[in-house]
Amino acid sequence: MESIGVLMVCPMNSYLEHELEKRFNLFRFWTVPEKSAFLATNKNSIRAVVGNSSAGADAELIEVLPKLEIVASFSVGLDKIDLAKCKEKGIRVTNTPDVLTDDVADLAIGLMLAVLRKLCESDRYVRSGKWKKGDYRLTTKFTGKKVGIIGLGRIGMAVAKRAEAFSCPISYYSRTEKPEIKYKYYPGVVELAANCDILVVACSLTEETLHIINREVIDALGPKGVLINVGRGPHVDEPELVSALVERRLGGAGLDVFEHEPEVPEELFGLDNVVLLPHVGSGTVETRQAMADLVIGNLEAHFLNRPLLTPVV
Amino acid sequence: MENHQERSDHRSQDLPQVLVIKPPPVLTLFEDKFISSKFQLLKAWESTLPLDQFLTNYAGSVRAVLCSGASPITADIIRLLPSLQLVITASAGVNHIDLTECRRLGIAVTNAAGVFSDDGADAAVGLLIDVLRKVSAADRYVRNGLWPVKGDYALGSKLGGKRVGVVGLGGFGSAVAKRLEAFGCTVLYNSRTQKPSVPYPFYSTVLELAADSDSLIICCGLTAETRHMINREVLLALGKQGVIVNIARGAIINEKEMVECLVRGEIGGAGLDVFENEPNVPEELFGLDNVVLSPHRVVFTPESFVAASELVVGNLEAFFSNKPLLSPVIYE
C-alpha cells in the first residue's frame, strides 16, 4: 500500500503520522509552500485525505483530487467536510465516534465545575501569593443545578449521565423529541435556556445549528446562567457572547471552542467568570491514540476492500 | 465589651449566652441568621482584654461555645469555662477541638457534617478533572495568548477507567465516590473500618490503597492517626502518573515530602484546597502546571453557609430547650 497517496491536511498527531507513513505515501499538506502546484503534481496519486476539526475536505479540495476515494476525519465532527460532494462522487467518509465521547463529556462537567466553583480563578489567586486568612469569597454551588443540553447524541447523553450523579435535573433540546428518554424536552433552544441554569452545546455543527446560541438565547439564559460549549465555535454568535459576558448579562461561560481558532477574543482574558480552553475536548493521550487507530483502521479497511469501521458516508 | 453590653436590650440580657472567641466564616457572612429568641452571642473578639482574662471575667456561666479552626477549643480554654456543656463548630472538621477532654468532662460537641458534603465532593471532582485534563493550566495558556503562537496544548489523561482511591468514606468520601462512578472510574477506599454495605473494594492501609490506585482523594478527618498519613512512601506507591487531591486538612499530608515528590516528578500531579500552614503555600508549587491550588474554600457556597448557620442555630436552640442535638459528634 506504500504507493497509495494519503494527504494529511494539517498537523494533528505524531503517532498517526508515523503509522500512516509506515503504510502509505504520506503527504503533509502544511509543509508544502506552493499548494496549488503540489496538488497539480500529485493529484493522481492522492487517494485519501485525513482531516480533523480544523481542516477537512471542502468542495474545492475534492474537485482537484480526481482519485480521491476516502476522507478519514480525526474527529467526530464533520463540519469541515463537504458531505454532499462526497456522496455525489462516491467518496467514503469516516470519523471517530464513541472513543472520544467520555473525554468530551468529562471536560464539559470539568468546565461547569471550573466556572461555577471558580477553580481556575482560585488557582490564580493562590499563585499570586495574595491569599490571606479571612478571605471568604463564596462561589456557586453546582449540585442540583438545572442542566440543559442541546443535542442528546452520544456526547449529550454522556454529559447527562455525569450531571445526574451531581443531582442535576436534566432537560434537553434536539431536532426531535426522544420519547424513550426520561429527561424533560423543550421544543426550542430559547425555552430550554430560560429553564436551566447551565446550558451545554453538544450537538453537531450544521447549517441549522450555526449560531444556535444567539442574543435571544443568551438573554434567556441570563445573568445567573452559564454557557458551556464543547461543540464547535460557530455554534455561538461569538461577538454577542463576548459582550454579554463583559456586560454581565450572562453569568459565565466555559468554552473549549471558538469561531476562529486559535484566536480567542481578548476581552475574555480579564474575566473571572469564564474558563477558556484551546480545543482539548478529546485531548488525552489515551483517546487521541484510539482516534488515530480508528483513522488507520478505516483507511486499511478501505484499501483492503473490507467493511469500514466507522463510516459516515 | 462594656459598650456591647450597654447596647444589648434589657430582654436579651436574660437569654443564655453563647461564647464566640473568634467569628467563624458563617457568622461573619451571615450574622443575621444567628439572631435568635433563645440565646445571645458573647463576642470575645470585640474585647480588648486578653482572652483568658476575658473568659475569667465574663464567661463563668457560659454553657455553650461556638468555635472554628481559628479559635481552637483546647484543654486550657475548657478549663476557663467551668459551666461549659456544649462545643459547636460550624465546620465538618473537629480537629481543632480537644475531643478527649470534652469526652472526659461530658461536654457535647456538634459539627456541621453533612451540609458541606455536596460542595466538597463537587470541588474534589472538579480538582481531579482539572489536574488530569490540565484545565487551569490550559486556561492560563489561552489567557497568555500562547495558543496562536505555540499551537495545540499538551495532552491530558483520561478520567474514565481510572482507579480512584478515596481515603475516608464518610459524608465527603461517599459523595465523591458516587460522582466518580458516573465517569466510569473504579472506586476503591480506605477508612478506619470496613463498611459492609458499600460496593467498593476496601484497603486496610493507605499504602496498599495508593499502590493500587491512579489517584487518591483525601476525605478523612485530621486526627493523631491521620496526621502525615500521606507521606513519601505512600506517594511513591501512587506513582509517577498518580494524582492526589486533598479537600480535608493539610496536615494529613506530609507537605514537605509531597512538594519534593511533585518537584522531582515522582507523582503526576495534585489538586489542593488545604495546606499545613494556611494561608502559606509552598512557593515551589507556583511554578508547576500539574498542580491546582485553592484557598481552602471548596465548601464556600452560599447554600452551604446558610445550611451550616441554620444547623448551628438549630443545635443551639435544641440545647437551650433541652431537646436532642441535631448533629452531635459521636465519640468512638
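Reader: How many helices and strands does chain B have?
Author: In this predicted model, chain B contains 13 helices together with eleven strands.

Reader: And what does chain B span along its principal axes?
Author: The C-alpha trace of chain B extends over about 70 × 50 × 30 Å when it is followed along those axes.

Reader: Okay, what share of the residues in chain B is buried?
Author: Of the 332 residues in chain B, 56% are buried. As for the surface, the accessible area of chain B comes to about 13800 Å², and carbon and sulfur atoms account for 51% of that area.

Reader: Which residues of chain B does the UniProt annotation cover?
Author: According to the unreviewed UniProt entry, residues 125–296 of chain B are annotated as "domain: D-isomer specific 2-hydroxyacid dehydrogenase NAD-binding". That span is 32% helix and 15% strand, and its end C-alpha atoms lie 15 Å apart.

Reader: Where is there a cis peptide bond in chain B?
Author: The bond from B:E278 to B:P279 is cis, with omega near 5°, and B:P279 is placed in the loop between β10 (269–272) and β11 (291–293) of chain B. In general, most peptide bonds are trans.

Reader: And which residues does a cis peptide bond join in chain A?
Author: There, A:E261 and A:P262 are joined by a cis bond with omega of about 5°, and A:P262 belongs to the loop between β11 (252–255) and β12 (274–276) of chain A.

Reader: What is phi of A:S167, and where does that residue lie?
Author: Phi of A:S167 is near 60°, which is positive although the residue is not glycine, and A:S167 lies in the loop between α7 (154–164) and β7 (170–173) of chain A.

Reader: Is A:N305 buried or exposed?
Author: A:N305 has a relative accessible area of 74%, so this residue is exposed, the cut-off being over 50%. A:N305 also has a positive phi, near 55°, and sits in the segment after α11 (285–303) of chain A.

Notes:
Residues are numbered from 1 along each chain as its sequence is written. Chains are lettered from A and ligands numbered from 1 in the order in which they are written. This is a predicted model: local features need pLDDT of at least 70, side-chain atom pairs count only at pLDDT 80 or more; totals for chains, interfaces and linings use all residues. Side-chain values use heavy atoms; hydrogens and water are left out. Helices (H or I, at least four residues) and strands (E, at least two) are DSSP runs, numbered from the N terminus. Buried means under 20% relative accessible area, exposed over 50%, partly exposed in between (1.4 Å probe, protein chains only). Accessible areas come from the Shrake-Rupley method with a 1.4 Å probe; for residues, only the protein chains shown count as cover. UniProt positions are given in the numbering used here, feature names are shortened, and annotations may be inferred rather than shown by experiment.
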